[in-house]
Amino acid sequence: MTKKKSMIVALIVLLLAAGAGLLWQQLQRFAASPLAINQETIFTLPAGTGRDGLQTLLLKQQVIKDGGFFPWLLRVEPDLSRFKAGTYRFMPGMTVREMLLLLASGKEAQFAIRFTEGSRFSDWLDLLRNAPYLKHSLAGLGEAEIAARVGLKEGVPAEGRFYPDTWLYTAGTEDIALLRRAKQRMDKTLEDAWQGRAPDLPYKSADELLTMASIIEKETAISEERNRVASVFINRLRLGMKLQTDPTVIYGMGEEYNGVITRKALDTPTPYNTYVIAGLPPGPIAMPGKASLLAAAHPDKTAYLYFVADGKGGHSFTENLSEHNRAVQRYRSALKERNER
């Protein structure tokens, strides 16, 4: 090879090396550049999507502005091209590299649904029906069918059988799967409360403890009151007194309840009207939380037989009817004074 040809080859090699170095720098700048989004973005990558398909989706959904360097980056760094199908959460400030690493990790976006203490099963169904990214399978099913699908015994109502909490799920999770998880958690929590309960409580089964817990849940949201409320109902059960708790009346009224409990409603028999029936109602009236389950299992030892709102967010507890009537009068006076302000 002549000296001239050698110099030409060397020049070409240098140009290629310079070009490769420049390309590498540009690819690294592209990889380190932020995504084109300015708010949280949920991105779904369908199964079977290849490199070209991913680039098309990212451009179409305006996650990246320019895809010119995208295929080159995936060729130069093949580890970034091992993306997995799923639904992901992209955040503002995330770089192209961080996005590709997330897609390769398979760590899908988590969505949350909150089932609150004291809510009813019908409330849960409404929440599930409107929850995003869930696979809906409960439409058109009655409560008995749903109860059977989650593993409840025939004839056992769904009310009260699911643990209230914030439940996380990924896109495509079936709604019935969330209910099964909540049921398993309630089964375990109820069994623990039942096995660890105080001695000589007037319950015939764990189901009765669950029912009592649901009543406590509806009567007070104040943690330090729960065990006292439980003591009132336990004392009444032991004495053979009717529980006379308004939340059970409301539950028994169903759709007829419009925010007001009339005297007629108190006197109208339903399976849940504890002003009419003796003992506990036939089942829970809401989803109780752990604190109410423990209160039902460990009521305070008191002589209280009555309680009424005190007008300050809590309740007044009394041992006899005359004290109770005075507490009721104090509550009515406080309510009147507040309304006149």
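**View 1. Gln62 in the loop between helix H2 and helix H3.** In this predicted model, Gln62 sits in the loop that joins helix H2 (51–60) to helix H3 (70–76). The phi angle of Gln62 is positive, about 55°, although the residue is not a glycine. Gln62 counts as exposed because its relative accessibility is 59%, and the cut-off for exposed is over 50%.

**View 2. Asp200 in the loop between helix H7 and H8.** Asp200 lies in the loop between helix H7 (175–195) and H8. Asp200 is not a glycine, yet has a positive phi of about 65°. Is Asp200 buried or exposed? With a relative accessible area of 67%, Asp200 is exposed.

**View 3. The centre of the largest pocket.** The volume of the largest pocket is about 1000 Å³. Its lining is made up of 29 residues. Those nearest the centre of the pocket are Gln244, Asp246, Tyr275, Phe307 and Val308.

**View 4. Helices and a strand in the lining of the largest pocket.** Several elements each supply at least two residues of this lining: helix H8 (206–219), helix H9 (226–239), helix H10 (246–253), helix H11 (263–267), strand E5 (306–309) and helix H13 (321–340). Which element gives the largest share of the lining? That element is H13, with 7 residues.

**View 5. Residue classes in the lining of the largest pocket.** By class, the lining of the largest pocket holds 17 nonpolar residues, 6 polar residues and 6 charged residues.

Note on methods
Residues numbered from 1 in each chain as written. Predicted model: local features only at pLDDT ≥ 70, side-chain atom pairs only at ≥ 80, totals over all residues. Heavy atoms only, no water. 1 Å grid on protein atoms, 1.4 Å probe; cavity = no way out; pocket = protein on both sides within 12 Å on 5 of 7 lines; lining within 4 Å. Points joined across faces, edges and corners; volume = space filled by probe spheres on them. Helix = DSSP H or I, 4+ residues; strand = E, 2+ residues; numbered from the N terminus. Nonpolar A, V, L, I, M, F, W, Y, C, P; charged D, E, K, R; others polar. Buried < 20%, exposed > 50% of the residue type's maximum accessible area, 1.4 Å probe, protein only.
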